[in-house]
Amino acid sequence: MAMAVDGRPDPLGQPHALPQSSAAGKEQGPPAKEGGPAGGSPVEVFSVFLKLGLTSFGGPIAHLGYFRDELVVRRRWINEAGYADLVALCQFLPGPASSQVGFCLGLLRGGGLLGGLAAWLAFTLPSAALLIAFALGASTLSGPVATGVLHGLKLVAVAVVAQAIWGMARTLTPDRERAAIALAAVILTAVTAGSFGQIGAIAIGALAGIWLCRIEKSAAIGRLGVAVSRRKGAIALALFAAFLFIPAVLVGATGPDTALSRAIALFDAFYRSGALVFGGGHVVLPLLQAEVVAPGWVGNEAFLAGYGLAQAVPGPLFTFAAYLGAVMAPAPNGIAGALIALIAVFAPGLLLVYGMLPFWDRLRLRPTAQAAMRGANAAVVGILAAALYSPVWTSAVLSPQDFALALAGFLLLTVWKTPPWIVVALLSGAGALLALV
């Protein structure tokens, strides 16, 4: 598997080169230790990642380049081999790769879990705050210009999801076997409504991968020297599993429609979505759509408008969850809903990467695990393709003009490599102009 659309190196083969920086030619200090140099603190980690959270536009592939430039080349927190292996681990697991890599780098530099949490919070805070502010102000937007801007944001979602499928199909389904898994996932999610079909598609894809996607064992590319004991790792993995199943039981125990049961149901929906995101942040779109639009928590119009806006802010795409938590109905919503959704969608990825750190060196060499991940990654291409049609296409492309704008956005992203925030500005402006004509 080659470089995926989200910029993650292939964990099942040799890592691909990350974006090089002009800083690479600068004078550098002594090589970093494999686990990162001593002397860091959570405060230092927070300040460095806050700067990255404010400036890291362009999606996960750009985030990994920014991390390498700032933390590998310039600050020497970790060496090149350790960084490549860290990225490979985060690609292997579900969750937001750039946030997981940042969490692990904070763990290394900040002396443990507190440093990792400082890195995650600082990198996530800017984009989450912007999306929450938009959600809280969205109800005040009215008139033809505001309606046109919101429709333009939905067209951005069409272009972005189409770009994601285009790139992922080329890298995650390069042969007939994985293309067949992707097609089966499309069919399953099309005939099975809700999240059940998506979960089933991923599970079946992983099983099919074990049978169909075995290749030569890949070579090891380094070793992570992270001070996480196997005991702590096992506790994190146990918590990951507990949060996956216990909230559903608690919802029934707390009553059908109480404030507490709704808060637990909200956590459960976003946690399950975050636990199933293989292959890139865009895969969270169909998972969250099944969890919040299908039961009527968020309208399809508001859902797609927020997703389009999420392309224009820095930081991880998963902060889209904060927007959904703030804009949804019924309560908890607003700030409380945003915080519950934000923590829930990130928690499984962070628990998994923390739990897997002490076991990664052995697991990554197992051919069965590698084949299962190839099959699961192929399945998510099919899930995202099904989402491109419904709800993304059917809700946004309502006229020939809409089709032309969505196609223009797709070509800007794929052919001219235009930064996503520029595409957001152009299509939202075009939507406003069409609304006035």
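Because the model is predicted, local features need pLDDT of at least 70 and side-chain atom pairs count only at pLDDT 80 or more, while totals for chains, interfaces and linings use all residues. Residues are numbered from 1 along each chain as its sequence is written, and side-chain values use heavy atoms, with hydrogens and water left out.

Salt bridges come first. Here a salt bridge is a side-chain nitrogen of Lys or Arg within 4 Å of a carboxyl oxygen of Asp or Glu. Searching the whole structure turns up 9 salt bridges. In one of them, the side chains of Glu 70 and Arg 74 pair up, with N to O at 2.5 Å. The two residues sit 4 residues apart in helix α2 (residues 60–74), so about one helical turn separates them. Helices (H or I, at least four residues) and strands (E, at least two) are DSSP runs, numbered from the N terminus. Burial is judged by relative accessible area: buried means under 20%, exposed over 50%, and partly exposed in between (1.4 Å probe, protein chains only).

Another salt bridge joins the side chains of Lys 154 and Glu 301, at 2.4 Å from N to O. This pair ties together distant parts of the chain, with Lys 154 in helix α6 (residues 143–172) and Glu 301 in helix α12 (residues 300–310), 147 residues apart. Lys 154 is buried, at 3% relative accessibility. Asp 175 and Arg 178 also form a salt bridge through their side chains (2.7 Å, N to O). Of these two, Asp 175 is partly exposed at 27% and Arg 178 is buried at 7%. Shared partners also link salt bridges into one network made of Lys 51, Glu 70, Arg 74 and Arg 75.

Next comes the nonpolar core, meaning a set of buried Ala, Val, Leu, Ile, Met, Phe, Trp, Tyr and Cys residues joined through side-chain atoms within 4.5 Å. The largest one has 129 residues, and Phe 49, Leu 105, Phe 270 and Phe 303 have the most contacts inside it. Contact in the lists that follow means heavy atoms within 4.5 Å. Setting aside neighbours within four places in sequence, Phe 303 is in contact with residues including Leu 285, Val 292, Phe 320 and Leu 324.

Phe 303 turns up again among the aromatic residues: together with Phe 134, Tyr 307, Phe 320 and Tyr 323, it forms one aromatic cluster. Rings of Phe, Tyr and Trp (its six-membered ring) pair if their centres lie within 6.5 Å; planes under 30 degrees apart count as stacked, over 60 as edge-to-face and the rest as tilted. The whole structure holds 17 aromatic pairs. In the pair of Phe 67 and Phe 123, the ring centres are 5.3 Å apart and the planes are at 65°, so this one is edge-to-face. It links distant parts of the chain, as Phe 67 is in helix α2 and Phe 123 in helix α5 (residues 113–138), 56 residues apart. Both residues are buried.

Helix α3 (residues 80–92) is tucked away: 11 of its 13 residues are buried, so the rest of the structure largely encloses it. Among the buried ones are Gly 82, Tyr 83, Leu 86 and Phe 92. Over in helix α8 (residues 195–212) sits Gly 197, which is buried at 1% relative accessibility. Apart from neighbours within four places in sequence, Gly 197 is in contact with Leu 188, Thr 189 and Thr 192.

Most residues other than glycine have a negative phi, and most peptide bonds are trans. The bond from Ala 331 to Pro 332, however, is cis, with omega near 10°, and Pro 332 is in the loop between α13 and α14 (334–356). Ser 390 and Pro 391 are also joined by a cis peptide bond, with omega about 20°; Pro 391 is in helix α16 (residues 367–396). Arg 76, in the loop between α2 and α3, has a positive phi near 60° and is buried at 17%. Lys 417 has a positive phi too, about 55°, but is exposed at 61% relative accessibility.
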